[in-house]
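Good morning, and thank you for making time for this item. Please look at the model on the screen while I go through it.

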Amino acid sequence: MLDEINSVKGLDIYGPDGIFVGKVADLIIDTDTRTITGLYISEPSPVKAANNVLLKIPYRWIQSIGDVVILKTFPKYIDGSGKVIS
């Protein structure tokens with residue numbers, strides 16, 4: 001399991017529109033069920049989010065994980081207060 005987790009860290013994340021969102025910083029894991037529930041994003045794209053905002057992506061937003069992470073949904077922009085702009 002640790003090998004799988006480490007292989008996802010650092011992957012580029014792209015939104016459904018093909019625009020770079022950021023990089024996988026860490027995974028959020030439910031220790032009771034041993035399942036991934038989300039991702040933390042580092043280096044958010046200034047096109048998608050304010051630089052000082054911590055981005056957490058729920059697992060249900062993920063379409064696929066391979067050489068990159070592709071999301072099936074993502075807001076147009078997230079401002080510095082965390083407000084979502086659709």
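Which backbone oxygen does the side chain of Ser45 reach? The side chain of Ser45 comes to 3.3 Å from the backbone oxygen of Phe20. This falls under polar contacts, that is, pairs of N or O atoms within 3.5 Å; within protein, one atom must be able to donate a hydrogen and the other to accept it, and residues adjacent in sequence count only if both atoms are side-chain atoms.

Before I continue, a word on the source. This is a predicted model, in which local features need pLDDT of at least 70 and side-chain atom pairs count only at pLDDT 80 or more, whereas totals for chains, interfaces and linings use all residues. Residues are numbered from 1 along each chain as its sequence is written, and side-chain values use heavy atoms, with hydrogens and water left out.

Let me stay with Ser45. The residue sits in the loop that joins strand 3 (35-42) to strand 4 (55-58); helices (H or I, at least four residues) and strands (E, at least two) are DSSP runs numbered from the N terminus. Ser45 counts as buried because its relative accessibility is 7%, where buried means under 20% relative accessible area, exposed over 50% and partly exposed in between, with a 1.4 Å probe and protein chains only. Apart from neighbours within four places in sequence, Ser45 is in contact (heavy atoms within 4.5 Å) with Phe20 and Val21.

Next, Lys23, which belongs to strand 2 (residues 20-30). Is Lys23 buried or partly exposed? Its relative accessibility is 25%, so Lys23 counts as partly exposed. Beyond four places in sequence, the contacts of Lys23 include Gly10, Leu11, Asp12 and Ile13, and also Tyr40, Ile41, Ser42 and Glu43. Arg60 is 37 residues from Lys23 in sequence, and their C-alpha atoms are 17 Å apart.

I turn now to the whole protein. It has 1 helix and 8 strands, in the order α-β-β-β-β-β-β-β-β from the N terminus. The C-alpha trace spans about 35 × 25 × 20 Å along its principal axes. Of the 86 residues, 31% count as buried. Among contacts with a separation of 6 or more, 34% come from residues 24 or more positions apart.

Finally, charge: the protein carries 9 positive side chains (Lys and Arg) and 10 negative ones (Asp and Glu), with His and the chain ends not counted. Taking each charge at NZ of Lys, CZ of Arg, CG of Asp or CD of Glu, the centres of the two sets lie 8 Å apart.
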